[in-house]
Amino acid sequence: MPFDLASRLAERRAAHLYRQRPLLDSPQAPDVTVDGQPLLAFCSNDYLGLANHPEVIRALREGAEQWGVGGGASHLVIGHSTPHHQLEEALAEFTGRPRALLFSTGYMANLAAVTALVGQGDTVLEDRLNHASLLDAGLLSGARFSRYLHNDATSLASRLEKATGNTLVVTDGVFSMDGDLADLPALSAAAKRKGAWLMVDDAHGFGPLGANGGGIVEHFGLGIDEVPVLVGTLGKAFGTAGAFVAGSEELIETLIQFARPYIYTTSQPPAVACATLKSLELLRTESWRREHLNQLIARFRQGASEIGLRLMDSPTPIQPILVGDSARALQLTALLKARGLLVGAIRPPTVPAGSARLRVTLSAAHSEAQLERLLEALAECWPLLENGDA
Ligand SMILES: *Cc1c(COP(=O)(O)O)cnc(C)c1O
């Protein structure tokens, strides 16, 4: 029978992979209302607590009053307005790159950059744990596409030996489901030896990492020579929406001329750019947010290891608890939810088979007391799960 959707859905349910959308009925914050229930959440990407910040809200409101709501057209027609342009200049200055280009989403920025840079006859090499948008971009590009072992510069180097045409090496900066950092010094050295370009998607590094929140490139002190294509997203630590690609004058002009996900879409509302200009200022200057976040990360790791949880090698606000089996991961989230805590279970195909996990994310908006509540609940729930009597 064609389009037997009912069977596909039933199979997914039977495999414990069925996804549901929790309905958020409050602003993004540690204390939320979800499906009518008040919960303490550890699952947003609002790492610095800027998504609901009064000054960012005011910038959005004032931006709407001055610039209206809709972008109105694509950037190349008449949708490129002054706030978009100012934000691009501010992001270029922030990243220490000659130019930056604004996109409506990170997914689109990644599709745009990869497909504009490589095509048939070229090569794209990606970390096997890269974000789905990067993997999709590699496939869509039509270039020879190959995945190297996770964060392994040796595995990359052996694939670089066989590369043809222009070669783009693509990696997450902070891996979104594991929280670990890409070994950029080694990856960039391997790429440079073969004349390949390195593209880094630092969706989760901008904000939490670097003395000024400049992300993984600031953390490692890498410039445009090491990382010619730098992507950041604005819906995570920036607390707003959109994304950017930063790089050379020629790179940005190439994207404006050739990147279809840039050309054939309406610009984001200019007021959102006004809000991001404000959140960029807060992200750079309010370093207490990063310091508090780092204290929470250290305390969580210490507390979790005392409970005997399996953590990953992550110095970032992404702190996954490895469970393994999808059904057990769901069981653990249900136990936590019954205690008023919301943590997301991440299952295949988002992560490799057998590596289901709880993806705990921490935010500067969390208090120490809230973190202790999480640790206490985990201490209670984890043994229930291990004994299988929950
Ligand atoms: C979230 C994310 C994206 C997508 O960004 P959006 O703006 O949400 O579309 C891209 N790359 C990585 C690594 C991400 O985590």
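**Reading the annotated site and the enclosed spaces**

Modeller: Start with one atom pair: a polar side-chain atom of Arg-19 and the backbone oxygen of Pro-348 are 3.5 Å apart. Keep in mind that this is a predicted model.

Colleague: Where in the chain is the place of Arg-19?

Modeller: Arg-19 sits in the loop that runs from helix 1 (5-14) to strand 1 (31-34).

Colleague: With which residues is Arg-19 in contact, leaving aside its neighbours within four places in sequence?

Modeller: Arg-19 touches Arg-12, Arg-347, Pro-348, Pro-349 and Thr-350 once those neighbours within four places in sequence are set aside.

Colleague: Which residues does UniProt list for "binding site"?

Modeller: The unreviewed UniProt entry gives Arg-19, His-131 and Thr-350 under that heading. From this set, Arg-19, His-131 and Thr-350 are found in the lining of the largest pocket.

Colleague: How should I read His-131?

Modeller: His-131 is in the loop between strand 4 (123-127) and helix 6 (132-141). His-131 counts as partly exposed because its relative accessibility is 28%. Setting aside neighbours within four places in sequence, its contacts are Asp-172 and Ser-176. Its side chain also makes a polar contact of 2.7 Å with the side chain of Ser-133.

Colleague: Which residues are buried in helix 6?

Modeller: First the general idea: an α-helix has 3.6 residues a turn, so residues three or four places apart point the same way. In helix 6 the buried residues are Ser-133, Leu-134, Leu-135, Ala-137, Gly-138 and Ser-141. These buried residues pack against helix 5 (106-117), strand 4, strand 5 (144-148), strand 6 (167-172) and strand 7 (197-201). Just after the helix, Gly-142 has a positive phi of about 85°.

Colleague: How much space lies in the largest pocket?

Modeller: The largest pocket holds about 1,600 Å³. It is lined by 49 residues, and those closest to its centre are Arg-19, Gly-344, Ala-345, Ile-346 and Arg-347. Two or more lining residues come from each of strand 1, helix 6, helix 14 (326-338), strand 11 (341-342) and strand 12 (344-346). Helix 14 gives the largest share, four residues.

Colleague: How many cavities of 30 Å³ or more does the count come to?

Modeller: Two. The largest cavity has about 80 Å³ of space. Its lining includes Gln-28, Cys-43, Asp-46 and His-366, and by class it divides into six nonpolar, five polar and one charged.

Colleague: What volume has the second largest cavity?

Modeller: About 50 Å³. Among its lining residues are His-75, Phe-103, Tyr-262 and Gln-268. Strand 3 (99-103) and helix 11 (260-263) each supply at least two residues of that lining.

Colleague: At which residues does UniProt place the feature "domain: Aminotransferase class I/classII large"?

Modeller: The unreviewed entry puts that domain at residues 39-378. Over this stretch the chain is 46% helix and 17% strand, with the end C-alpha atoms 15 Å apart.

Conventions:
Residues numbered from 1 in each chain as written. Predicted model: local features only at pLDDT ≥ 70, side-chain atom pairs only at ≥ 80, totals over all residues. Heavy atoms only, no water. UniProt positions renumbered as here; feature names shortened; annotations may be inferred. 1 Å grid on protein atoms, 1.4 Å probe; cavity = no way out; pocket = protein on both sides within 12 Å on 5 of 7 lines; lining within 4 Å. Contact = heavy atoms within 4.5 Å. Polar contact = N/O pair within 3.5 Å; in protein donor to acceptor, adjacent residues only side chain to side chain. Buried < 20%, exposed > 50% of the residue type's maximum accessible area, 1.4 Å probe, protein only. Points joined across faces, edges and corners; volume = space filled by probe spheres on them. Nonpolar A, V, L, I, M, F, W, Y, C, P; charged D, E, K, R; others polar.
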